[in-house]
Amino acid sequence: MIQLEAIKKQFYIGQPNQLEILHGIDLQVKRGEFVSIVGASGSGKTTFMNIIGILDRATYGTYLLDGIDVTQAKDRELSKIRNEKIGFVFQTYNLIARTNALKNVELPMLYAGVAKKERMERAKELLTLVGMENRMYHTSDELSGGQKQRVAIARALANNPSILLADEPTGALDSETGRKVMDLFQELNREKGITIILITHSTELAEETGRIITLKDGRIIKEHNLRGKE
Amino acid sequence: MLILENIELALAGLRANKMRSFLTMLGILIGISSVIAIIMVGDAMNGSVMSSMGDLGVNNISVYITQKNYNELEEYKMKNRDYVQTEMLEKLKFQFQEEIEDIALKKSLGANKVVNKRRYANISMVGVNQGFMKSKNLTMLAGEKFQIKDQNDAKNIVLVSDKFVYNVFQEAPQKVLGRTIEIVKDGKYYSYTISGVYKYTNTGYEDVNIPKKEMRTDCYIPLQTALLQSREEEKYEEFDVIARKGVDTGKLAGNIQSFMNQSYYKDNEKIAISAESMEIMVKQMSGMMKSIQLAIAGIGAISLLVGGIGVMNIMIVSITERTREIGTRKALGATNQCIRLQFLVEAIVICMIGGFIGVILGIGIGEIVTKIMGYTGKISIGSIALCVLFSMVFGVFFGYYPANRAAKLNPIEALRYE
């Protein structure tokens, strides 16, 4: 499902200040898993996440996503893959300003070319799933942090992605709303079988997931299976 | 489908930043409205000048005497031999019988006033010949134009304008036929029977400061009648030649001028003859109008250009402000083309709305200005469409660079942008 092999990422290639951030990472994530990637800042977490989310390309190594070799794809194809296979949840929510929740959730489907009516129905369905059915027509500045994150999760799920990629999703929330968001992830994983990769620096949150992968200085130093679950 | 969504999005963005959107549009708005207003005013002026010239007839050649080496300080008393005499006209007509259809003559008897109890009208008495009747396109509301017999018999009949009828009688044109009007000239009474009423048309030379009621209109009487009354010799300072159809009036004017000067004014040191073709005057006039219009339209175009640069500037600011949004959109699967289209549509929408308001404002200004000037101006649908198209092209032109910049943003950097 996700297969990363010997991933290396270098910056400033061919220049005197050439820098290698990732030194060969192997990782496999199966369908329905809930994996967390932890690491201190500077461990290469963000770079790794960008590669998983195909916002960036690895310098060396192969990355198979649902059997597609992503490292060979062109920019245009990458947009399409991001659109169809990856759902992003950001620390800062990144809802589109001045746009209501419904339109935000519709956006990935818009880029995928889904018809208007279907788009709206699916968006409503998803907002109901995350418990935002009463706030569908509110714009992002009329929503609280927790509510924004719920909308963002609904948006990430819009095109039935293979992975939900969450980068510090509770980082900007207080512990109570953060808890609720985590519960939502758990529920989505358990009941809907959605694959989730959670990037966090909090070991506490990581311990709730099925598998913890610890990064340090661009290498995986520890893999810890918590649930023994597939 | 994406285009529709983009338009919706652009409109929402414009609504959210009303002040900024308005200021952005302002340049385009002023540019387009000034261009439209100028076209309208120009058209109105052009139209009025052309129609007043058309009244004189494009087939006409205006012939008049001019003073040689004219000097303001020197006073010159016209001598009898300086004027154009009847036999000269006969000779001229004979010389160019292939080209000349008729000659229009008029004899002005000066300004006067017709009083009917407490009502009155200001008039100019003008004696006219049959040629004049032909050259001047009078629209008769009642009665008829003069016949040759009226001229030969020097009948005391008069053609008056509908304005005159309204001012003096306040009755329908049909009802005043056969009535008599009286004027006093040099202490003598003259009376004329109204034989026709013509429709007054604006000449374009009216003094707008004079109230409509006071405006002087022409009363036409047969030329012979006027000559008898004035007791002067038959002599003219000017006359119009009506050319036959298909004749090159410019060339004929030149021929008439040289013929008259060669035959009658060769030895005259003070006076010469000038002949001008109306057609050429009209052409010159419209050429001049066009260049004035073009110059002002050029100024409008510069303001459009400045407006366009304003749009570009605001678009760049807006893109910088929304870098994170662009990053998010890219993460959600927007291709570069999608982003480019979004911002391009935004620029076009701003320009189009600006252009649209500009067109309405321009028509409004044009209407007001032409009203004040006393003309009627119109603008073709084509010009409006061209203006709107122009503003759209501006949107594309000035929107492309910022939109392209947005499209090429690196999603990682855009997402990280604070």
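Reply: In this predicted model, 7 residue pairs are in polar contact between chain B and chain A, with both partners at pLDDT 80 or more. On the side of chain B that touches chain A, four helices each supply at least two residues: α1 (2-16), α11 (323-331), α12 (336-373) and α14 (411-416). Of the elements on this side, α11(B) gives the most, with 6 residues.

As for extent, 25 residues of chain B are in contact with 23 residues of chain A. The size of an interface is often given as the accessible area lost when the parts come together. Here the two chains bury about 2200 Å² between them, and 59% of that area lies on carbon and sulfur atoms.

The largest nonpolar core has 37 residues, and I28(B), I32(B), V311(B), I339(B) and F343(B) have the most contacts inside it. Two or more residues of this core come from each of α3 (101-112) of chain A and α1, α2 (18-56), α10 (278-321), α12 and α13 (381-407) of chain B. The element that gives the most to this core is α12(B), with 11 residues. Leaving aside its neighbours within four places in sequence, I28(B) is in contact with several residues, including L304(B), V311(B), C351(B) and F394(B). Another core, of 35 residues, lies apart from the largest one; among its members are L95(A), A101(A), M109(A) and I194(A).

Technical notes
Residues are numbered from 1 along each chain as its sequence is written. Chains are lettered from A and ligands numbered from 1 in the order in which they are written. This is a predicted model: local features need pLDDT of at least 70, side-chain atom pairs count only at pLDDT 80 or more; totals for chains, interfaces and linings use all residues. Side-chain values use heavy atoms; hydrogens and water are left out. Contact means heavy atoms within 4.5 Å. Buried area is the accessible area (1.4 Å probe) that two parts lose on being put together, summed over both. A polar contact is a pair of N or O atoms within 3.5 Å; within protein, one must be able to donate a hydrogen and the other to accept it, and residues adjacent in sequence count only if both atoms are side-chain atoms. A nonpolar core is a set of buried Ala, Val, Leu, Ile, Met, Phe, Trp, Tyr and Cys residues joined through side-chain atoms within 4.5 Å. Buried means under 20% relative accessible area, exposed over 50%, partly exposed in between (1.4 Å probe, protein chains only).
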